[in-house]
Amino acid sequence: SYESIKMVCQKFNRAVDDLRFMIKQKRYESKSRASVDLLHHILQLCYDKAVTDPAKLNQYEPFSAEVYGETSYELVDQMIKTIRFTEDDRFIDLGSGVGHVVLQVAAATPCKYCYGIEKAQWPAYYAKQLSGEFEKWMKFYGKEHGAYELMKGNFLSDDYKDVISSATVIFVNNFAFGPQVDHELKLRFSNLKEGTKIVSSKAFCAMNMQISERNLSDIGAIMTVEELSPLRGPVSWTPKQVTYFLHTIDRTQVGRDA
């Protein structure tokens, strides 16, 4: 009947008004960082809404170094806890895919700025959609995040030399990269500032490398590397466990071992 429908609508409208008031009050009282669980929920929600056809993420040239892969939320959370970011840090993800790692770091750390560079068309396209959803839902929950930028381009291009050289923490999933891409990355890393950290899924130099006159030109001469045992887990491109490595630019070891 008309009266019963009218009563239901009135109850619904009152409930909506109450909910809007509660959300408004919550935003006013606390604009804080999202908890680990809430951020996980927000990023998964954003991904589900933004990436409408995940199959397109795997459209790449066969036998190339452009194999698409995603790192889990849990692994990035472990990296964040290991690195202990500060307000002076600038984070960059080389080959950032849809940008979820960049968004997670921007939301969970006090980083000054977070960058992501992705070459492939569809991941870069979905990164824009994901960013839009992220802004919307972080605002809805009244949660803060740091400044970030998701860029489409080849991170080996000269256009990004300054961005890479300004980073203090670099993340790169080079597990499936070929020797040529790794070589180009080493050239970029040779110009990084002292103390810069690089987290990768494949080491860029031998662990416990002994420096001599014969290998002074090797990237291992200016960095230390250690296996990050906690940073281990399944990733989208292989069912096997993947171990991550932490490199730290340290040119003082050349003088110590000379």
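Entry on Q44. I looked up Q44 and found this residue partly exposed, with a relative accessible area of 38%, where buried stands for under 20%, exposed for over 50% and partly exposed for in between, taken with a 1.4 Å probe on protein chains only. Q44 is found in helix α2, helices being DSSP runs of H or I with at least four residues and strands runs of E with at least two, numbered from the N terminus.

Entry on the source. I am reading a predicted model, in which local features need pLDDT of at least 70 and side-chain atom pairs count only at pLDDT 80 or more, whereas totals for chains, interfaces and linings use all residues. Residues are numbered from 1 along each chain as its sequence is written, and side-chain values use heavy atoms, with hydrogens and water left out.

Entry on Q104. Q104, found in helix α4, is buried, with a relative accessible area of 1%. Leaving aside residues up to four places away in sequence, I listed L39, L43, Y73, V76, D77 and I80 as touching Q104, contact meaning heavy atoms within 4.5 Å.

Entry on α3 and α4. The axes of these helices come within 10 Å and cross at roughly 45 degrees; axes are lines fitted to C-alpha atoms over the stretch in contact, with angles from 0 to 180 degrees between N-to-C directions. That makes α3 oblique to α4, because angles under 35 degrees count as roughly parallel, over 145 as roughly antiparallel, 65 to 115 as roughly perpendicular and the rest as oblique. The contact joins Y73, V76, D77, M79 and I80 of α3 to V101, Q104, V105 and A108 of α4. In α3 I found Y73, L75, V76, D77, M79, I80 and I83 buried, and just after this helix R84 takes a positive phi of about 60 degrees.

Entry on the core. The largest nonpolar core has 41 residues, and L39, M79, F85, F91, V105, C114 and F134 have the most contacts inside it; such a core is a set of buried Ala, Val, Leu, Ile, Met, Phe, Trp, Tyr and Cys residues joined through side-chain atoms within 4.5 Å. The largest share of this core, eight residues, comes from α2.
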